[in-house]
Amino acid sequence: QVQLVESGGGLVQPGGSLRLSCAASGLTFSSYNMFWFRQAPGRERTMVASITSNGGSTSYTDSVKDRFTISRDNSQNIMWLQMNSLKPEDTAVYYCHASFADPALYDTYWGQGTQVTVSS
């Protein structure tokens, strides 16, 4: 059974930092591209950052560039999102998402989400 378990969310003041973790089990982690998505109340779920299966390439939505860093450790089956200079508009539920790296096979998974609240 595949599980993606996020942790590290919480309440932080504007300008603060948080590090989210996504621990994966039940899948060959190194075969999956990984993503962080977020969803604010009343808004669509949108992609925040992505990292390729071998960690060789990353991408970010414009609003988090130079503030967030995505990384992974395939030996530990874990992915992180380091979030710095947090803003109130970063408040959302953050979700971990796995997608099999070979596009010929559609195989995806979601975590349950972790709440991030940025407020003074």
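**Entry 1. The open sheet**

I began with the rule for pairing: two strands pair if DSSP finds at least two bridges between them. Strands themselves are DSSP runs of E with at least two residues, numbered from the N terminus. The model I examined is predicted, so I noted that local features need pLDDT of at least 70, that side-chain atom pairs count only at pLDDT 80 or more, and that totals for chains, interfaces and linings use all residues. Residues are numbered from 1 along each chain as its sequence is written, and side-chain values use heavy atoms, with hydrogens and water left out.

Four strands form an open sheet in the order 1-3-8-7, and their pairing is antiparallel. Strand 1 (3-7) and strand 7 (68-73) each have a single partner strand and stand at the edges, so one side of each has no neighbour in the sheet. From one strand to the next the twist averages 15 degrees; angles run from 0 to 180 degrees between N-to-C directions, and axes are lines fitted to C-alpha atoms.

Strand 7 and strand 8 (residues 78-83) run antiparallel and are joined by six bridges. Phenylalanine 68 has methionine 83 in strand 8 as its bridge partner.

**Entry 2. Strand 11 and its partners**

Which strands are joined to strand 11? I found that strand 2 (residues 10-12) runs parallel to strand 11, with three bridges between them. Glycine 10 is bridged to valine 116 of strand 11. Strand 9 (residues 92-100) is also joined to strand 11 by three bridges, but this pair runs antiparallel. Here valine 93 has glutamine 115 as its bridge partner.

I next recorded the side chains of strand 11 (residues 114-118), which alternate. Thr114, Val116 and Val118 point to one face and are buried, where buried means under 20% relative accessible area, exposed over 50%, and partly exposed in between (1.4 Å probe, protein chains only).

**Entry 3. Salt bridges**

Side chains of opposite charge can pair when their charged atoms come close. I used this rule: a salt bridge is a side-chain nitrogen of Lys or Arg within 4 Å of a carboxyl oxygen of Asp or Glu. The structure holds three of them.

I took aspartate 90 and arginine 38 as one case; their closest N and O atoms are 2.9 Å apart. Aspartate 90 lies in the loop between strand 8 and strand 9, and arginine 38 in strand 4 (residues 32-39), so the pair ties together parts that are 52 residues apart in sequence. Aspartate 90 is buried at a relative accessible area of 1%, and arginine 38 is buried at 12%.

Arginine 67 and aspartate 90 also meet in a salt bridge, at 2.7 Å from N to O. Arginine 67 lies in the loop between strand 6 and strand 7, so this pair ties together parts that are 23 residues apart in sequence. I noted that Arg38, Arg67 and Asp90 are linked in a network of salt bridges.

Is arginine 67 buried or exposed? It is buried, with a relative accessible area of 10%. Its side chain reaches the backbone oxygen of serine 63 at 2.8 Å. Beyond its neighbours within four places in sequence, arginine 67 is in contact (heavy atoms within 4.5 Å) with residues including Gln82, Met83, Leu86 and Asp90.

I also recorded the salt bridge of aspartate 62 and lysine 65, at 3.0 Å from N to O. Aspartate 62 is exposed at 62% relative accessibility, while lysine 65 is partly exposed at 41%.

**Entry 4. The disulfide**

A disulfide is a pair of cysteine sulfur atoms within 2.5 Å, and by this rule I counted one. Cysteine 22 and cysteine 96 form it, with sulfur atoms 1.9 Å apart. The link is left-handed, with -65 degrees about the S-S bond. Cysteine 22 lies in strand 3 (residues 18-25) and cysteine 96 in strand 9, so the pair ties together parts that are 74 residues apart in sequence. Both cysteine 22 and cysteine 96 are buried.

**Entry 5. Serine 119**

Finally, I looked up serine 119, which is in the segment after strand 11. Serine 119 is partly exposed, at 39% relative accessibility. Leaving aside its neighbours within four places in sequence, serine 119 is in contact with Leu11, Val12, Gln13 and Pro14. Serine 119 and aspartate 90 are 29 residues apart in sequence, and their C-alpha atoms are 9.8 Å apart in space.

Terms used: A polar contact is a pair of N or O atoms within 3.5 Å; within protein, one must be able to donate a hydrogen and the other to accept it, and residues adjacent in sequence count only if both atoms are side-chain atoms.
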